[in-house]
Amino acid sequence: MKRALIVIDLQNDYFADGAFPLWNADAVLERTVAAIGRARAAGIPVILVQHIAAGPSPLFVKDSHGAELHPRIRAAAPDAPVVVKSHADSFLGTTLEATLAQLGIEEILLCGMMTQNCVTHTALSRTADKYAVKLLGDCCTTVSEILHKFALSAIAPRTPVVSWETAF
């Protein structure tokens, strides 16, 4: 089964110098960079997803530093396609489905920010139903540890939650 790693919204606004820093963001960044390295070593394509606000917003303003993907993510996957979105579901109104089809992908590994929003909405998207989906729980975060844990617990009956170290 051909797989892809999809990294959702690891953008500057979610880090310490950004507009909306998340809990555990630096640790998630470290693990995500490692997961990207392992995916690339195994020949698994990496796809980066970037949220750009559709209108006025305190976050992800088009062409702002905060909206940019974290530089360590870009450095880890410099040739990865970037899918731009403006909704929580990374498939909705984007090129993600076409990108996966072009690569012949059957299984997707998801990680990113925020666990209870963009990550789970992508995992539960009707478009995602055609893929085997796994969530790299230790490569996700949100505003607090408890909300992160609630989101993983809520999605686990439908979507397997695995560690980045066992996913590859």
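**View 1. Helix H4 and the elements around its buried face.** The buried residues of helix H4 pack against strands E1, E2, E3, E4 and E5 and against helix H5. Contact means heavy atoms within 4.5 Å. Helices (H or I, at least four residues) and strands (E, at least two) are DSSP runs, numbered from the N terminus. H4 spans residues 115–123, and its buried positions are Thr 115, Cys 118, Val 119, Thr 120, Thr 122 and Ala 123. Buried stands for under 20% relative accessible area, exposed for over 50%, and partly exposed for values in between (1.4 Å probe, protein chains only). The model is predicted: local features need pLDDT of at least 70, side-chain atom pairs count only at pLDDT 80 or more, and totals for chains, interfaces and linings use all residues. Residues are numbered from 1 along each chain as its sequence is written, and side-chain values use heavy atoms, with hydrogens and water left out.

View 2. The peptide bond from Met 113 to Met 114 is cis, with omega near -5 degrees. Met 114 belongs to the loop between E4 and H4. Most peptide bonds are trans.

**View 3. The open parallel sheet.** Six strands make up an open sheet with parallel pairing, in the order E3-E2-E1-E4-E5-E6. Strand E3 (82–85) and strand E6 (161–162) stand at the edges; each has a single partner strand, so one side of each is left without a neighbour in the sheet. Two strands pair if DSSP finds at least two bridges between them. E1 (residues 3–8) and E4 (residues 107–113) run parallel and are joined by 6 bridges. Leu 5 has Leu 109 of E4 as its bridge partner. E4 is also joined to E5 by 6 bridges, again in parallel. Here Ile 108 stands opposite Val 133 in E5.

**View 4. Helices H3 and H5 against the strands.** Helix H3 (residues 96–103) packs on the sheet and touches E1, E2 (46–51), E3 and E4. The direction of H3 makes about 175 degrees with that of E2. Helix H5 (residues 145–155) lies across E5 (132–141) and E6, at about 170 degrees to E5. Axes are lines fitted to C-alpha atoms, for helices over the stretch in contact, and angles run from 0 to 180 degrees between N-to-C directions.

**View 5. Leu 100 and the largest nonpolar core.** The largest nonpolar core holds 56 residues. Such a core is a set of buried Ala, Val, Leu, Ile, Met, Phe, Trp, Tyr and Cys residues joined through side-chain atoms within 4.5 Å. Leu 5, Ile 6, Val 46, Leu 100 and Ile 108 have the most contacts inside this core. Helix H1 (residues 25–41) gives the most to the core, with 7 residues. Residues up to four places away in sequence aside, Leu 100 touches Ala 4, Ile 6, Ile 47, Phe 91, Ile 105, Ile 108 and Tyr 131.

**View 6. Leu 136 in strand E5.** Leu 136 lies in E5. Of the 10 residues of E5, 7 are buried, so the strand is largely enclosed by the rest of the structure. Leu 136 is buried, with a relative accessible area of 0%. Cys 111 is 25 residues from Leu 136 in sequence, yet the two are 5.3 Å apart in space, C-alpha to C-alpha. Neighbours within four places in sequence aside, the contacts of Leu 136 include Leu 5, Ala 35, Leu 110, Val 162, Trp 164 and Phe 168.

**View 7. Two loop residues with positive phi.** Asn 24 is not a glycine, but its phi is positive, about 65 degrees. Asn 24 sits in the loop between E1 and H1. Asn 24 is partly exposed, with a relative accessible area of 28%. Phe 60, also not a glycine, has a positive phi of about 55 degrees. Phe 60 lies in the loop between E2 and helix H2 (71–76). Phe 60 is buried, with a relative accessible area of 5%. Most residues other than glycine have a negative phi.
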